[in-house]
Amino acid sequence: MAGQQRQMHLGVLLLAAGNVVSGWRLPEAEAGAQNFDLIRRVTQTAERGKLDFVFFADGLNSFPGMHPSMVLRFEPLTLLGALTTLTTHIGLAVTASTTYTEPYNLARMLASLDHLSGGRVAWNVVTGAFAEAAANFSAAKHPPHEERYAIAEEFVKVTKGLWDSWEDDSLVIDKSTGRYVDAGKMHVLDHAGKFFHVKGPLNITRPPQGYPVFMQAGASDTGINFAAAVAEVVFTVQQNKDVAVAFAGRLRDAVQQRGRDPAHVKVMPGLCTIVGSTEAEARAKLAELGTLTDPTYAMKVLSERMGQDLSSYPLDGPVPVLPPSTIMQGHAITLAETARRRNMTLRELRDFVGMSMGHKLICGTPEQIADEMQEWFDDGAADGFNLLPPWFPGGLSDFVDHVVPVLQKRGLFRLDYSGRTLRDHLCLPYPGHPARRAADAMPAAASLAGRSVG
Ligand SMILES: Cc1cc2nc3c(=O)[nH]c(=O)nc-3n(C[C@H](O)[C@H](O)[C@H](O)COP(=O)(O)O)c2cc1C
């Protein structure tokens, strides 16, 4: 709004055992993959801090050497169902794969959650980075990187079409006439594409937000192109402010080329914070986490991030130069660039990833943390941050109780929610039904209601 100070957006990546590999080992940490009471309390702390959303990552495979937060976890759509009734304002962001689900099922589930939460749901659209997931599904073949994105683009098109199955005023419920729905306001998708054949219509009314908010985290050329077409929030892995500014600029250009308004895409780098009442206290906590980190776990996480097993390379040698990762290019590019710039050995990079999973880490007083966040925000490196607390619940409550008030005092963050939906919090437009948009643009088009929309 004109004259109003621009404010940052804040989400939190809620991994129950913490984001730092050793976070769960701190004496004050609570963990337990299926500790719903912890997840509930953390979510409510985020809501007390007026954060935009809590975000649940997801994967479709498991093995004991994985990051502890990823080896065992709730199925996030189910988890969200429970959280909708325990919260009132905070956005609830869920990860779901376009490679290992069907658009009809997912569109139904997300629409249901958006209704249950009163319009607070976001979908982190992932193509499924890990090939091991394929073995858990009967199709059994993990599609290559480019094809996964092609599938994702068609998948999103289908889900949008399904969410548009019913116009907003199609549910009549008129007891006097006996008319329950207005069939003329129903649209049959009839999608026949390269990867999906879906007839429709969906058996649920349009989500309160029109479409749930689209989130995305790809950083390869194809990933950026996909984000430009679809995403409204983009998660990114950044260590260096200038590189982050360049990434945000590149993404905004791509968004514009796709005919969308760059202001409707929020760039949110990951940020791990360790808050202390003095810098020394925060550094002591960082050191404590370091001594608790199991190097084998850290190396495993680094190898995943870099797209190749690095455990046989000499630890005190340079970080090997690798071909582009087909797993997580964003992480791989940022880590390789950071290692080069800081002249790191493989051991140093391993320990670095063990702490923040490759995301930016700020360790200091609330003011020091707020200063750096403000600098990134003011300089165009970020529209906000995706917080990665090192452990739970204290890693988030420290931020909410001490950093949020500093940001609020500076006018950089909301004092309270001013709307009810996640689109409201993120200042994103409401996507009206295509029939409505068409009718608004050309009144005669209203007569098309009841026909297919592609
Ligand atoms: C902050 C962040 C969170 C992510 N969360 C997930 C996730 O929960 N599940 C998943 O399969 N991939 C996740 N990814 C991976 C991305 O969705 C994407 O598949 C990956 O970065 C590969 O895309 P790219 O090659 O275009 O970079 C995440 C990436 C980032 C940066």
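With which side chain does the side chain of Asp52 make a polar contact? The partner is the side chain of Arg414, at 2.9 Å; a polar contact here is a pair of N or O atoms within 3.5 Å, where within protein one must be able to donate a hydrogen and the other to accept it, and residues adjacent in sequence count only if both atoms are side-chain atoms.

Before going on, a word about the model. It is a predicted one, in which local features need pLDDT of at least 70 and side-chain atom pairs count only at pLDDT 80 or more, while totals for chains, interfaces and linings use all residues. Residues are numbered from 1 along each chain as its sequence is written, and side-chain values use heavy atoms, leaving out hydrogens and water.

You will find Asp52 in the loop between α1 (36-48) and β2 (53-56); helices (H or I, at least four residues) and strands (E, at least two) are DSSP runs, numbered from the N terminus. Asp52 counts as buried because its relative accessibility is 0%; buried means under 20% relative accessible area, exposed over 50%, and partly exposed in between, with a 1.4 Å probe and protein chains only. Leaving aside residues up to four places away in sequence, Asp52 touches a set of residues including Met8, His9, Ile90, Phe413, Arg414 and His425, where contact means heavy atoms within 4.5 Å.

Let us step back to the whole protein. It has 15 helices and 13 strands, and buried residues make up 54% of its 454 residues. Its radius of gyration, taken over C-alpha atoms, is 22 Å, which agrees with the value near 22 Å for a compact globule of 454 residues; that rule is 2.2 Å times the number of residues to the power 0.38.

Next, look at strand β12 (residues 360-364). Because 4 of its 5 residues are buried, β12 is largely enclosed by the rest of the structure. Strand β11 (residues 266-275) runs parallel to β12, and 5 bridges join them; two strands pair if DSSP finds at least two bridges between them. Across this pairing, Thr273 stands opposite Ile362 in β12.

Finally, what about the cysteines? A search of the whole structure finds 0 disulfides, a disulfide being a pair of cysteine sulfur atoms within 2.5 Å. For Cys363, the nearest cysteine sulfur is that of Cys272, 9.2 Å away. Cys363 counts as buried because its relative accessibility is 9%, whereas Cys427 is exposed, with a relative accessible area of 52%.
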